Amino acid sequence: YALEIAKDGTDIMLAPGAYPQSKKLVVKKPVRIIGEGGRDATFIEPAEDAGEIGLVETQHFLAEIHDLTFRNGKTTMVRQMLGGIIENCRLTGYYSTKSTALNGCAWYGEWGTLYRCVIDKNFHNQNNLASIVYASGRKEDSNHEVRFGMLDTCLITDNSIWFDGGKKPDATGIYRALKRMEESGLVTSEW
């Protein structure tokens, strides 16, 4: 409710505790959502009866989310579609069997930055496009706009996927996303 009535530029402070969500939190305006107790004390998670919902999606380039833990999602937990920054957060306890990157990863970044975050203890049980993080990049032909998701100074640890008949560390999803960005001319690297 606070997000719905917030004016542009408002700081929305969340007290320490768990905040079960029955629907995805969509941030469509330039506000800051901040966990007062830090990411180890303020949790966004699906409600028991919520089914498979995403937890948060940023849809404004000036949206900011700080100091929260997003946990126990069953579909893409954190999705940055139209920019914004998510800083000093934790994405953990994600488990999915979704077969597409858009609907099956702990973080999907099409345009926005995940900064100084911890991505840990997540599991993906699907061979096709299995990924814990997915940084998308694309060029728009109509106006040559470049859009991309970026991870900056994040710790990605203790995640795994079911790949080729067994549980494996999730390096393949990161490699696949970077390779796709390289093929689109958004990054250069040596493999």
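The following questions and answers concern a predicted model. Local features in this model need pLDDT of at least 70, side-chain atom pairs count only at pLDDT 80 or more, and totals for chains, interfaces and linings use all residues. Residues are numbered from 1 along each chain as its sequence is written, and side-chain values use heavy atoms, with hydrogens and water left out.

Q: In the open sheet of five strands, what is the strand order?
A: Strands are DSSP runs of E with at least two residues, helices are runs of H or I with at least four, and both are numbered from the N terminus. Two strands pair if DSSP finds at least two bridges between them. The pairing in this sheet is parallel, and the order is 3-6-9-13-17.

Q: What is the order of the open sheet of six strands, and which strands are its edge strands?
A: The pairing in this sheet is parallel, with the order 2-5-8-11-15-20. Neighbouring strands are turned by 15 degrees against each other on average, direction ignored. Pairing on one side only marks the edge strands, strand 2 and strand 20.

Q: Which residue is the bridge partner of I119 in strand 20?
A: Strand 15 (residues 118-120) runs parallel to strand 20, and three bridges join them. In strand 20, I119 has as its bridge partner I156.

Q: What is the volume of the largest pocket?
A: Rolling a probe the size of a water molecule over the atoms shows where empty space is left. On a 1 Å grid over the protein atoms alone, a cavity is a set of points where a 1.4 Å probe fits but cannot get out, whereas a pocket is an open set with protein on both sides within 12 Å along at least five of seven lines; lining residues have an atom within 4 Å of a point. Grid points are joined across faces, edges and corners, and a volume is the space filled by probe spheres set on the points. For the largest pocket the volume is about 440 Å³.

Q: Which element gives the largest share of the lining of the largest pocket?
A: Of the 16 lining residues, the closest to the centre are Y1, L3, E4, Q21 and L25. The elements that give two or more residues are helix 1 (2-5), strand 1 (11-14), strand 2 (17-21) and strand 3. The largest share, three residues, comes from helix 1.

Q: How many residues of the lining of the largest pocket are nonpolar?
A: Ala, Val, Leu, Ile, Met, Phe, Trp, Tyr, Cys and Pro count as nonpolar, Asp, Glu, Lys and Arg as charged, and the others, Gly among them, as polar. The lining has five charged residues and one polar residue, and the number of nonpolar residues is 10.

Q: How many disulfides does the structure hold, and why is C117 in none?
A: A disulfide is a pair of cysteine sulfur atoms within 2.5 Å. The cysteine sulfur nearest to that of C117 belongs to C154 and is 4.9 Å away, so C117 is in no disulfide. The number of disulfides in the structure is zero.

Q: Is C117 buried or exposed?
A: Buried means under 20% relative accessible area, exposed over 50%, and partly exposed in between (1.4 Å probe, protein chains only). C154, at 22%, is partly exposed. C117 has 1% relative accessibility and therefore counts as buried.

Q: Where is N72 found, and what is its phi?
A: N72 is in the loop between strand 8 (69-71) and strand 9. Its relative accessibility of 36% makes N72 partly exposed. Although N72 is not a glycine, its phi is positive, at about 65 degrees.

Q: What is the phi of D158?
A: D158 is found in the loop between strand 20 (155-157) and strand 21 (160-163). With a relative accessible area of 53%, D158 is exposed. Its phi is positive in a residue other than glycine, near 55 degrees.

Q: How many Å apart in space are L114 and C154, C-alpha to C-alpha?
A: L114 lies in strand 14 (residues 112-115) and is buried, with a relative accessible area of 0%. L114 and C154 are 40 residues apart in sequence, and their C-alpha distance is 7.4 Å.

Technical notes. Axes fitted to C-alpha atoms, helices over the stretch in contact; angles between N-to-C directions.
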